[in-house]
Amino acid sequence: MESNTGNGWETVGGEYFDAADVYEQELRTVFARSWQFIGHESMVQQPGDFVSLPMGNDAIVLWRDGASGKARAYLNKCRHRGNKLCLHDRGKANSFTCSFHGWTYGTGGQLTGVPREKEAYRVPLDRDRLGLVEVPRVEAVGGMLFGNWDPAAPALREYLGEAAPLLERYVDNAGLGGLQFLPQPQKYIMPVNWKLLAENFAGDDYHFKVTHASVISLMKQNPAAALSHGLQKERRFTVATNFGTGAAHGFLELKVGPEAYEEDLAKADKLGPEAVEWVRHRHQVISDGEDDLAYAFHAGNVFPNLALIGISSALYASGFLLWIPRGPHETEIVQWAAVDRDAPDVVKRRAVMVLKDRQAAAGMVAPDDHENFERIAANVRGTVSRTVPFDYSMAAGIAEQFPDPDDADYAARWAQRGLGTLFPQVSEANQREFYRTWDSYLRGGASGAAPVTSEPHRRGQT
Amino acid sequence: MSATTKEAAIDLQDAHLLTQALAREAYVLDTNQYDQWLELLAPDVRYLVPIPEWVHGRSGAEEAFGTGNDALAFPYLDETHEGLRLRVARLQTGLAHGEMPPSMTARVVGVALIEQLAKGPAAGTRRYRVVTNFTLHQTRHETRVDVFAGRREDVWSVGDDDGSQVLLGSRTVHLIERVLPRAFSTFF
């Protein structure tokens, strides 16, 4: 059992959320060498199916290649003058033709057409050299596709480490048909540095009762609107995967005990027997005969910029949120809804509406987060203000994590499963882990596995 | 002459009542009188804000705004009266940080295209399709002003016992922004 010792990131300088040079360094290190979510198999099922989406601050096209059958990812950029090639958010196309001079590319990325080639170029153009720029590494866990610009990066499964089995069990479970992504993502801006959003989903259960007090108040007045969060007696934990070693992927509100399942059954009962049967079936598939296993976790962040929400319930669609860096003070959020493919329609429809009402652009949760982040972002711009660090010292150095022996026992049993290290529900262990990983990339690490030192990277040092 | 250049005359008093209702709606929302806003909505109102997107292979208006008839969609909002009432109740808890202090907003609603529909939902009422463009300017902090813009496709009913009641029966808000300027708890 790991103890929650500090890792040197008990404070984080305000300048890391403000300085343009730090931001540029992140793009060249974190976003150039880590695995990033680039879509899902279900988005591009047939040859020629494509979706446009961002990867870091680059525009890419995820395109199902007819010849190889693979979902491949390309920069959305013509090799001639750099024009944008794919102009739609999604659709089906066997080729893209540039609107500038007419160069044409096929689903395998090959340059297939060059207008007036013989007349203009005289000698044959080296088309192999001028195919689409492809994301060199695309790998999947479940149907979730991740890309990496670094050809030498460790395998995705190694990078995810203990997070991989958690994702395959609770998020994209093949036994439930895998995930079905709804085709249209919501997109909205939060005027704040991307790291504050990422660390929030990785580890910050502490903020819920204050930031989202309006929602808690509402559910007390309106039982029909009840959110499960914070009103139950079950045991809850924060999960740190690859603690102190590899890339830190953090998960929140691991729910242990029968309450969450029983609550889902009660909610499903209002939707009819088909929904009840689904909740039972889903629980059986996920628990896979292990009575002691947690029902679900609620939210998380896969380093660096994929957040998850709504995993906690069969009746809450899975929200996939990408934190797209658009500047030191601006993050674009691309948010999809996904449902278990085998779920009955009545469950799918209900689950998507619940996600829409909660953690989404016009939900009852996100606008209050937005407000706090916007205020913070304004505060880190001040010359003096940016020199004042943020504090992440919660329970750092406290060896005894669980005053309740039952919690300690459960955490010890969980550790043996290889599904991560448990911390109390309210903890800052995952935030410190996030910055340890971030720091290792800024130092030049390729895997997030650079050794932890007692002297974290500080500006001006290398 | 084409259908586009011919307009069917509509009852002038109804047209007047509808444009008054549109102005009143913007006014009560800009002044945070949410309860009065809810009173303008029919009990069976549907309030939909779909996601705008460009889909390859669609044409005309659908290329950008879709059909609105997807079996399973993830819209920004798709609300009943109860859903809207809950959102208003949350803003009125005194704990909704995203509207504390309340945003300064200005809704600018363009000239309304008004067409009478076949029949009203109840005896003695008349139903109209009302299309308006709008912008919503929202300030929360010192210098930042966020702007939402789009087109609203409404169905309103006019008339009841005394002939003057105007109610919004349904609204689809086609935002023209692919990336919204902020997470929002405002209404369009």
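1. Over how many bridges do β7(A) and strand β8 (residues 104-106) of chain A pair, and in which sense? The answer is three bridges, in the antiparallel sense. One pairing to look up in the viewer: Phe96(A) has Tyr105(A) in β8(A) as its bridge partner. Keep in mind throughout that this is a predicted model.

2. Zooming out a bit, that pair belongs to an open sheet of three strands in chain A, ordered β7-β8-β9, with antiparallel pairing. The edge positions go to β7 (95-97) and β9 (111-113) of chain A. Each of them has a single partner strand, so one side of each has no neighbour in the sheet. From one strand to the next, the twist averages 35 degrees.

3. On to domains. For chain A, the domain assignment lists domain 1 as 11-33 + 161-442, and domain 2 as 36-137. Their C-alpha centres, for domain 1 of chain A and domain 2 of chain A, are 34 Å apart. To the contact, domain 1 of chain A brings 22 residues and domain 2 of chain A brings 12 residues.

4. Next, a helix pair within chain A. Helix α9 (residues 259-269) packs on helix α10 (residues 273-287) at an angle of about 155 degrees, and the axes are 8 Å apart. An angle over 145 degrees counts as roughly antiparallel, and α9(A) and α10(A) are therefore roughly antiparallel to each other. On the α9(A) side, the contact uses Tyr261(A), Asp264(A), Leu265(A), Ala268(A) and Asp269(A). The α10(A) side supplies Ala275(A), Val276(A), Val279(A), Arg280(A) and His283(A). Sorted by class, the residues where α9(A) meets α10(A) come out as six nonpolar, one polar and three charged.

5. Helix α8 (residues 213-221) of chain A packs against helix α4 (residues 81-91) of chain B, with an angle of about 120 degrees and axes 9 Å apart. That angle makes α8(A) oblique to α4(B). The crossing of these two, α8(A) and α4(B), is right-handed.

6. Who touches whom at that crossing? From α8(A) come Ser214(A), Val215(A) and Leu218(A), and they meet Leu86(B), Ala89(B) and Arg90(B) of α4(B). The class count for the contact of α8(A) with α4(B) is four nonpolar, one polar and one charged.

Terms used. Residues numbered from 1 in each chain as written. Chains lettered and ligands numbered in written order. Predicted model: local features only at pLDDT ≥ 70, side-chain atom pairs only at ≥ 80, totals over all residues. Heavy atoms only, no water. Axes fitted to C-alpha atoms, helices over the stretch in contact; angles between N-to-C directions. Helix = DSSP H or I, 4+ residues; strand = E, 2+ residues; numbered from the N terminus. Parallel < 35°, antiparallel > 145°, perpendicular 65-115°, else oblique. Left-handed = near helix turned anticlockwise from the far one by under 90°. Contact = heavy atoms within 4.5 Å. Nonpolar A, V, L, I, M, F, W, Y, C, P; charged D, E, K, R; others polar. Pairing = 2+ DSSP bridges. Domains from an automatic or database assignment.
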